[in-house]
Amino acid sequence: MNSPRLLRRCLLAVLSVALLATGAAVPASAEPAAVQAVTFSDTFDGPAGAPVDSSKWQIETGDNVNNHERQFYTAGSNNAALDGQGHLVITARRENPANYQCWYGTCQYTSARLNTAGKFTAQYGHVEARMKIPRGQGMWPAFWMLGHDLGDVGWPASGEIDIMENVGFEPSTVHGTLHGPGYYGSGGIGAAYTLPNGQAFADAFHTFAVDWAPDSITWSVDGQVYQRRTPADLGGRTWVFNKPFFLILNLAVGGYWPGDPDGSTVFPQQLVVDHVSVTTSDTAEGVAIRGLAGKCVDVAGANSANGTPVQLYDCNGTAAQRWTVGADGTLRALGKCLDVTERGTADGSTVQLWDCTGGTNQRWVVTAARDIVNPAADKCLDVTGNNSANGTRLQIWTCAGTANQKWTVG
């Protein structure tokens, strides 16, 4: 079911629209590449009760008549604070300590909503949060993004990418949705992911992510991909997702979609966030990976389609040769991942470009010895046949220390 809600727009706080553009375990004998691909990271370290880092987040205040939500979002650390154990805790309470007024009269609940507008925007890459969501009728936690031009073009023209939404009456299910001009509210384009065997998302931490490339967004939960969307899914309507977006975390109470809390709902409820990170795969960034005869790891034809061969080619500085080394162990170009075809582990298994899925066939370790190793296969990235000709396909092969398996990143 797609979210039937209306715009969850910024509340009484005024958003600045002059936004700043702003894995596999590494063996003890290996050192990861020095390339830093994480452009935004918050692990919420700090003393218990401390507010969030104001250099990364701003806190919105007020109510939200658009969705008929019931909470009043408060400032400071009243409803959003660190727990001293490396988590951000957003707490929804049944209270009104300051006689807050909501669209329906005197507010009944407080909560918090944070965003990175004016502090950080992303365009393409791997965007993830590891969280444990609340439970109960009327709870509505979300991790999502809005286009940086919201203040200029309004919503839904700005675009909205819902990475994770949950409504309390569906404890085992989360939703990922796109909203844009002509496809918003109940007409949003999305899908749901449900845990097996009746498990509830509130029982444990889970990682919610999108892998975002030009004309492509792929959703995953704990590394399991459950949907991919492209302009072809919009029925001729406008794709508005090839531009910067800012991040939002919030815990709403009530509203059209989740319904209001009832006698079964226990308060307080908490959205516990372990980390939020963005690993850039912007086609304007990245570094070359040079190997045999000084040539570069290259995406054939600069084609971002799934299954495009990855090859050796003269270094030319194009986007097809700019790679980012992710903190999650991935190597990314054109918004997608270096992938061992069909999860192969045998000598001679080719490599290709593919949507980032979190699979072990997309995990790599760059060692101090200049090997690029796929730990799942325990094999090295290799130039087929030790052939330095342009267009030679790359593969994995038993590590031998030979020149066709040596790479320089950056």
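User: Let's start with C102 and C107. Buried or exposed?
Analyst: Both C102 and C107 are buried. Keep in mind that this is a predicted model.

User: What joins C102 to C107?
Analyst: A disulfide does, with 2.0 Å from S to S.

User: Why is that disulfide right-handed?
Analyst: The torsion about the S-S bond of C102 and C107 is about 110°, so the link is right-handed.

User: How many disulfides does the structure hold?
Analyst: It holds 4 disulfides.

User: And what pattern do they follow?
Analyst: Counting the bonded cysteines along the chain, the pattern is 1-2, 3-4, 5-6, 7-8.

User: Take C337 and C356. How far apart are their sulfur atoms?
Analyst: The sulfur atoms of C337 and C356 are 2.1 Å apart, and the two residues form a disulfide. This pair links distant parts of the chain, 19 residues apart. C337 is in strand β25, residues 336–340. C356 is in the loop between β26 (351–354) and β27 (365–366).

User: Is that link right-handed or left-handed?
Analyst: The link of C337 and C356 is right-handed, with 100° about the S-S bond.

User: Are C337 and C356 buried or exposed?
Analyst: Both C337 and C356 are buried.

User: What about C380 and C399?
Analyst: They form a disulfide too, with sulfur atoms 2.0 Å apart. C380 lies in strand β29 (residues 379–383), and C399 lies in the loop between β30 (392–397) and β31 (408–409), so the pair ties together parts that are 19 residues apart in sequence. The link of C380 and C399 is right-handed, with 100° about the S-S bond.

User: Which label does C380 get, buried or exposed?
Analyst: C380 has 0% relative accessibility, so it counts as buried.

User: And why does C399 count as partly exposed?
Analyst: Because C399 has 35% relative accessibility. Partly exposed runs between the 20% cut-off for buried and the 50% cut-off for exposed.

User: New topic. How many salt bridges does the count come to?
Analyst: The count comes to 12 salt bridges.

User: Which side chain does R113 meet in a salt bridge?
Analyst: R113 meets E60, at 3.0 Å from N to O. R113 lies in strand β9 (residues 113–115) and E60 in strand β2, so the pair ties together parts that are 53 residues apart in sequence.

User: Are those two buried or exposed?
Analyst: R113 is buried, with a relative accessible area of 0%. E60 counts as buried as well, at 1% relative accessibility.

User: What about R130 and D274?
Analyst: Their side chains meet in a salt bridge, 3.4 Å from N to O. They link distant parts of the chain, 144 residues apart. R130 is in strand β10 (residues 125–132), and D274 is in strand β19 (residues 269–279).

User: What does K243 form a salt bridge with?
Analyst: With D149, the closest N and O atoms being 2.9 Å apart. K243 sits in the loop between β17 (224–229) and β18 (245–253). D149 sits in the loop between β11 (139–147) and α1 (150–153), and the two are 94 residues apart. K243 is buried, and so is D149.

User: Which residues are linked in a network of salt bridges?
Analyst: R228, K336 and D355 are linked that way.

User: Last one. Where is N374 found?
Analyst: In strand β28, residues 372–374. N374 counts as buried, at 1% relative accessibility. Beyond residues up to four places away in sequence, N374 touches V340, T360, N361, R363, W364 and K379.

Methods: Residues are numbered from 1 along each chain as its sequence is written. This is a predicted model: local features need pLDDT of at least 70, side-chain atom pairs count only at pLDDT 80 or more; totals for chains, interfaces and linings use all residues. Side-chain values use heavy atoms; hydrogens and water are left out. A disulfide is a pair of cysteine sulfur atoms within 2.5 Å. Buried means under 20% relative accessible area, exposed over 50%, partly exposed in between (1.4 Å probe, protein chains only). Helices (H or I, at least four residues) and strands (E, at least two) are DSSP runs, numbered from the N terminus. Contact means heavy atoms within 4.5 Å. A salt bridge is a side-chain nitrogen of Lys or Arg within 4 Å of a carboxyl oxygen of Asp or Glu.
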